[in-house]
Amino acid sequence: MNSRAVLINPPYPEGKVWVREGRCQQRDIWRAPFRPYSLAMISSQLIKSGFDTLLIDSGSHQKDIETVLSECGKFNPEIVFIAVASPTILFDLGWFLPRLKKLLPTITAVAIGVHVSGFPVKVLEEYSALDCAVIGEPEITARELATAPAEGKSLELVSGLGWRDSEGNIRINAARGFTSDLDSLGLPDWKDLDVSRYRMPIKQRPFSLIGFSRGCPFLCKYCTARTYGGNFLRKRSVESLIEEIEYNISLGVSDFLFWTELMTLDENHLDKFLEELLARGFHKRISWVCNSRVDSGSLEMFRKMKRAGCWQIAFGFEFGDDDILKLSGKGGRATVEQGRRTAALANESGLVLDGHFILGYPGETEKTIQKTIDYACSLPLTFAHFYAATPFPGSALYDEAVQSGWLKETYPGTFHQDESCLCTDFLEAETVNKYIKAAYRTFYLRPKIVWRGLSIPSRPREYFNLLGLGFQFYRSVRK
């Protein structure tokens, strides 16, 4: 009989759906939950090593804790991998895991995610039911950990692992370098998931994440991407990307989010990918969105992306003040004016623009926050997101916040980007929270934004979906 492993995106009280994927640690408010990509990639590694695996995505499949425990009990695994995020860790490891361990006391319980990567010792100290924490990129570490017992390999030889030894001592092993050959990691395992549960906002067609590249060379203090993905850009081959697209098409999925911070940073690589999409006729079969930076990309490239099936691109504009951009460590040529130029070019190409902004960064005042709101409203955006500056573990901002005494709450398990937890010399958290709601009202309750939104649907049902999202949004910001 093969060894068995369960991989879980854990349940949350009241059935709320949370994204726990890399730097994205957020509640699903757009009715478009991400597939648990890291767990699916680990599952593929384990299957290659002879394991039987079960992947459970609780929130997206509306499975409460009793259902998840029942499925785990029937599968009877030797090892369980749990995706963890900063906003949910109290429930992931303090509520769900103890009940799982009570049901299956002999399992090896392992946590993955950017939170445990930044705080492996603290997490193992605080959650006695947890046996191991994977630090950083998870696939190879998870595979070596799972196969270690059968191979007679000591856990102290598994790089990138925090663990509790037989005497209860917490051990942190040597760091693991980031995989240079992403193609060698293979494709994610989606066999246990109902892909129809993951739908693109408004269009409500099944969509999937596809990992385009990993890592980021920039030094933004508020971001955790480097903790999980490393500090240099690692790209998948065009052939591997095409293989994953075809795999998803075979599952009935033709809408994609190409998952990377930096879609347009290496234009030569992107151009080869776009050429292949066009040559194979994929631009007639798939639709996709992506993220990138405001200091990369050209009108020619944006137009080619549009021809190759891209309909939306999201940019991290972050702040409407150049001094705050510098203070936050936003690297490259990411100035306010550069953001205007890139937004204008992407808009001219016919792409729908989504902008991401941060409010309440230490050093900000009400005046600079208002400049960011005004900046967002001046850009040719259809969508905008306004987040509280959040010191997630694994970011430079967390260390600075602790040292400076800015934290409203000292425990990082209470942090999430929809509500400020920072109190600085210039701004109280409550003031930032008021500005976040005001920003959404100011941006979206304008006739031209309503008109832009109405240009997206192509079928009657999509208009109803848009109205539903609009009503949900209005309820959340009306006060």
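Strands β15 (residues 310-318) and β16 (residues 352-359) pair in the parallel sense over six bridges; two strands count as paired if DSSP finds at least two bridges between them. Helices (H or I, at least four residues) and strands (E, at least two) are DSSP runs, numbered from the N terminus. This is a predicted model, in which local features need pLDDT of at least 70, side-chain atom pairs count only at pLDDT 80 or more, and totals for chains, interfaces and linings use all residues. Residues are numbered from 1 along each chain as its sequence is written, and side-chain values use heavy atoms, with hydrogens and water left out.

**The six-stranded sheet**
- The open sheet has the strand order β10-β13-β14-β15-β16-β17, with parallel pairing.
- β10 (207-211) and β17 (383-388) are the edge strands, each with a single partner, so one side of each has no neighbour in the sheet.
- From one strand to the next, the twist averages 20°.
- E318 stands opposite F357 in β16.

**Helices across the sheet**
- Helix α10 (residues 299-307) lies across β14 (287-292) and β15, running at about 140° to β15.
- Helix α15 (residues 429-444) lies across β16 and β17, at about 175° to β17.
- Axes are lines fitted to C-alpha atoms, for helices over the stretch in contact, and angles run from 0 to 180 degrees between N-to-C directions; contact means heavy atoms within 4.5 Å.

**Strands β1 and β4**
- β1 (residues 4-9) pairs with β4 in the parallel sense over six bridges.
- I56 in β4 is the bridge partner of I8.
- Five of the six residues of β4 (residues 52-57) are buried, so this strand is largely enclosed by the rest of the structure.
- Buried means under 20% relative accessible area, exposed over 50%, and partly exposed in between (1.4 Å probe, protein chains only).
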